[in-house]
Amino acid sequence: MTEPVIDVRNLTRHFGDFIAVNDVSFQVQKGAIFGLLGPNGSGKSTIIRMLCGVLPPTSGMARVLGRDVATHAEEIKRHIGYMSQSFSLYGDLSVIENIHFYGRIYGLTPERLAQRTQDVLELTSLGDRVDQLAGTLSGGWKQRLALACALIHEPQMLFLDEPTAGIDPVARRDLWDLLFQLAGEGVTQLVTTHYMDEAERCSEIGYLHSSRLIVCGPPDELKLLDDVTPAGTRRWELTVEHPTEQLAKLRKNADVIDATFFGDAIHALVRDSLDEEGLKEVTADPTMEVRPIAPSLEDVFVTMTRSQTDHDRRVGSKAIAVQSTVGLSQSVTDAEFPHTQSTVSESEEGSTPQASIPARPLFGLMAILLKEFSHIRRQPSTLVFMLVVPVMQTLIFGYAINTEIEDIPTVVYDLDGRQAARELRDAFQNTRTFRMIDRVTDEESFRRAMTSGEAKVGLRIPPDYSESLLNHEQAQVQVLIDGSDSQVATAALNTTNLLGINLSLRRTRPFVEALPAVPSRNAEGTAAIPIEMRPRLLYNPNLESSHFFVPGLVGIILQLVTLFLTSFAIVRERELGTLEQLFVTPVSRSGLLLGKLVPYAVIGFLEVLIVLAVMVYVFRVPIRGDLIQLLALSLLFLLCGLGLGLLVSTLAKTQLAAIQFAFLIMLPSVLLSGFMFPRSQMPLPIYLVTFAIPVTYFLEILRGVVLRGAGFADLLPHVSGLFLCTLAIFTISLARFRKQLA
Ligand code: ADP
Ligand code: MG
């Protein structure tokens, strides 16, 4: 007896407390088209996912092509084709690019790829549309393309999850013709569908209801099952004038077990006690036509579901799967299948060990790489994001965010108006911190200029200013400062105080010179203040804020781009369903990951070069340290950004969630890393948090190398910190990223 292509025994899958697949058993023989039917949510897709090795079973066992799905998933994947429930090819790639991508993923040699491409194009008649973007194909053609991709590696087994959902009847029939052709060539198929006419075409069907397999067998034999038309009952088709009223009447009759519309007619399951004449009496419709009929598949499912539910209610025990004993589905004795429940459930949750085949690291890497670059090429917005945004950001931070405060609008209310007062006004003006915008002549206007926000500083010179100075009395000058912008106010306050001291010193000097003894003298022997501070600005002598912001920007932009692009690249595939499609291929985990990450690493590195170039040539911030060392450390940080992107992609199921997570990571990176505000000024708990932010270390490295010319030894603590962060992030994300759905 040949081993069935699919052998499922007591297969069960839980999602938390919910049982999506409950104790399902069936077999499929080579060359069969096995149809899985059942209402939405009955567990069809879950069964297929388990059979394709992307979802581990909770208990029970399933063998596909003679291999256990729990232990040999990767081996199975090489020999099966899978068309998932939703269209899950790359809409932004052309027909031929999609086909080639899947061919490469399966490791076809170029010659064989060319041959197979020819074959599948011929089979699916897609030859005229090779350059059309997959996203622009109509429903039926999309499914043909999906079939072509699923067939590119000549699988022995094809899983088709609702392949005809949502496509027109003609396309549906054409697709089925293709499936028959494939079955003729010996390709076993497992198809799920909602359509009864499609069920009729299957060589065998299984009907699922509430996670259980209710019946299973060839369609014609299912119709003959005793349970479908129990002894002592018959099925009739009634053609009546007012079917709605008649249906209600029939349903009320105790001898009518079931009645339902069927087109214009009514199909009824009736006890023998009610014969043709009896039916005519019930309906009281003289024109009624009655004829005995065989049950349809729908009848089979309705009756079996009902009797199953009744049975459950009465007995409360597990389902009786009505196994067909004939046809293709031959039972195989248990002895032939030593894999029992216990051996399978051990590897329930974990990854799928590939016991008998050597691991093939990086398998499929090239295919993924080529595809990613095609995506980037097809999506100009990515290019804008990667090229324009960083330059814009650099310019904005470099130019617009200027922390040097000058030209604070100042209003003057001069009540004195004489020479001394004019000198005071000029002294304020000459600091360049203040800019006189108005001179008012009454208290009311002075107040209004301040309250309206027009002026941030108000200078009021009292009427007796000149007199006080002449009489050697202390003159008091009122300076009102709008404190609402603390940075501006601080600058105004400092400048005002300094100005007051300077002016006073200047007035004091002639008197001091005349004294017999002075507090101190400078080198020239003239009287001077006792202590002179001589500050000298290192690294950024002109205190240009661009020197502070622009190097930091390299870090922020690099993280932004790598984080968003990588997390999106993966989450988008998850959301579109293409990731699931990829999981069913033999692509290796490392191949998939590297293929996804490398393109964005390249982009990220380009970004570093762009922003550094803008920094050096536009903002004239020279790199004092070693450029090569800076680039090498940028690579380390790049890795960290990719790891963060990967982490987000393992957390987020949708692109929206990915955006939210990415923002959650970006916010502290911008605000707490020292990019905008000095870390040394932060309260202790927050300061401690900054050590967990990788970009913190990279900013220290950037500013160190660019502004202070720091060498590796100076940077060692920061480099170690960055290295540890990167290591931790990668370890967590790699552990979370599995080639499985759950
Ligand atoms: P079908 O394909 O027959 O419509 P599915 O196999 O997709 O049904 O789903 C069966 C049930 O399992 C549904 O109720 C669905 O909500 C649930 N289910 C499927 N996948 C998951 C999952 N990853 N997590 C939780 N519940 C799930
Ligand atoms: Mg489904």
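This is a predicted model: local features need pLDDT of at least 70, side-chain atom pairs count only at pLDDT 80 or more; totals for chains, interfaces and linings use all residues.
Me: What makes the span of helix H23 agree with its 17 residues?

Reply: Helix H23 covers residues 655–671, and at 1.5 Å a residue it should span 24 Å. Its end C-alpha atoms are 24 Å apart, so the two values agree.

Me: Which residues of H23 are buried, and how do you know whether they lie on the same side or on opposite sides?

Reply: The buried ones are Ala657, Ala658, Ala662, Met666 and Ser669. They cover an arc of only 170 degrees around the axis, which puts them on the same side of H23. In general, an α-helix has 3.6 residues a turn, so residues three or four places apart point the same way.

Me: Why is Pro390 called buried?

Reply: Pro390 has a relative accessible area of 0%. Buried means under 20%, so Pro390 qualifies. This proline lies in helix H14, residues 380–400.

Me: What is Pro390 in contact with, leaving aside its neighbours within four places in sequence?

Reply: With that exclusion, Pro390 is in contact with Phe385, Ile557, Glu607 and Val611. For Val611, which is 221 residues away along the chain, the C-alpha separation from Pro390 is 6.7 Å.

Me: How many aromatic pairs does a search of the whole structure find?

Reply: The search finds 13 aromatic pairs.

Me: Why is the pair of Tyr413 and Phe446 called tilted?

Reply: The ring centres are 5.5 Å apart, and a pair needs them within 6.5 Å, so Tyr413 and Phe446 count as an aromatic pair. The angle between their planes is 40 degrees. Stacked would need under 30 degrees and edge-to-face over 60, so tilted is the label that remains. The pair links distant parts of the chain, 33 residues apart: Tyr413 is in strand E16 (residues 408–414) and Phe446 in helix H16 (residues 443–451). Both residues are buried.

Me: What makes the pair of Tyr687 and Phe691 edge-to-face?

Reply: Here the planes make an angle of 85 degrees, with 5.3 Å centre to centre. Edge-to-face starts over 60 degrees, so the label follows. Tyr687 has 27% relative accessibility and counts as partly exposed. Phe691, at 35%, also counts as partly exposed.

Me: What makes Lys371 count as sitting over the ring of Phe101?

Reply: The charged end of Lys371 is 5.4 Å from the ring centre and sits over the ring. Lys142 lies over the face of Phe87, at 5.1 Å from the ring centre. Phe101 also belongs to a cluster with Tyr90 and Tyr102, linked by ring pairs.

Me: Why is the contact between Arg432 and Glu406 called a salt bridge?

Reply: The N to O distance between their side chains is 3.2 Å. The rule asks for within 4 Å, so the pair passes. Arg432 is in the loop between helix H15 (419–430) and strand E17 (434–440), while Glu406 is in the loop between H14 and E16, 26 residues apart. Arg432 counts as exposed at 53% relative accessibility, and Glu406 is partly exposed at 43%.

Me: How do you know that Asp414 and Arg439 form a salt bridge, and what does the pair tie together?

Reply: Their closest N and O atoms are 3.8 Å apart, so they fall within 4 Å. Asp414 lies in strand E16 and Arg439 in strand E17, so the pair ties together parts that are 25 residues apart in sequence. Asp414 is buried at 11%, whereas Arg439 counts as partly exposed at 46%.

Me: What makes Asp482 buried, and which residue is its salt-bridge partner?

Reply: Asp482 has 18% relative accessibility, and the cut-off is under 20%, so Asp482 counts as buried. Its partner is Lys456, with the closest N and O atoms 3.8 Å apart. Lys456 counts as partly exposed at 29%.

Me: How many salt bridges does the count come to, and which residues are joined into one network?

Reply: The count comes to 33 salt bridges. Arg112, Arg116, Asp119 and Glu154 are joined into one network by salt bridges that share partners.

Conventions: Residues are numbered from 1 along each chain as its sequence is written. Chains are lettered from A and ligands numbered from 1 in the order in which they are written. Side-chain values use heavy atoms; hydrogens and water are left out. Helices (H or I, at least four residues) and strands (E, at least two) are DSSP runs, numbered from the N terminus. The expected span of a helix is 1.5 Å times one less than its number of residues. Buried means under 20% relative accessible area, exposed over 50%, partly exposed in between (1.4 Å probe, protein chains only). The arc is that of the directions from the helix axis to the C-beta atoms. Contact means heavy atoms within 4.5 Å. Rings of Phe, Tyr and Trp (its six-membered ring) pair if their centres lie within 6.5 Å; planes under 30 degrees apart count as stacked, over 60 as edge-to-face and the rest as tilted. A charge sits over a ring if NZ of Lys or CZ of Arg is within 6 Å of the ring centre and within 35 degrees of the ring normal.
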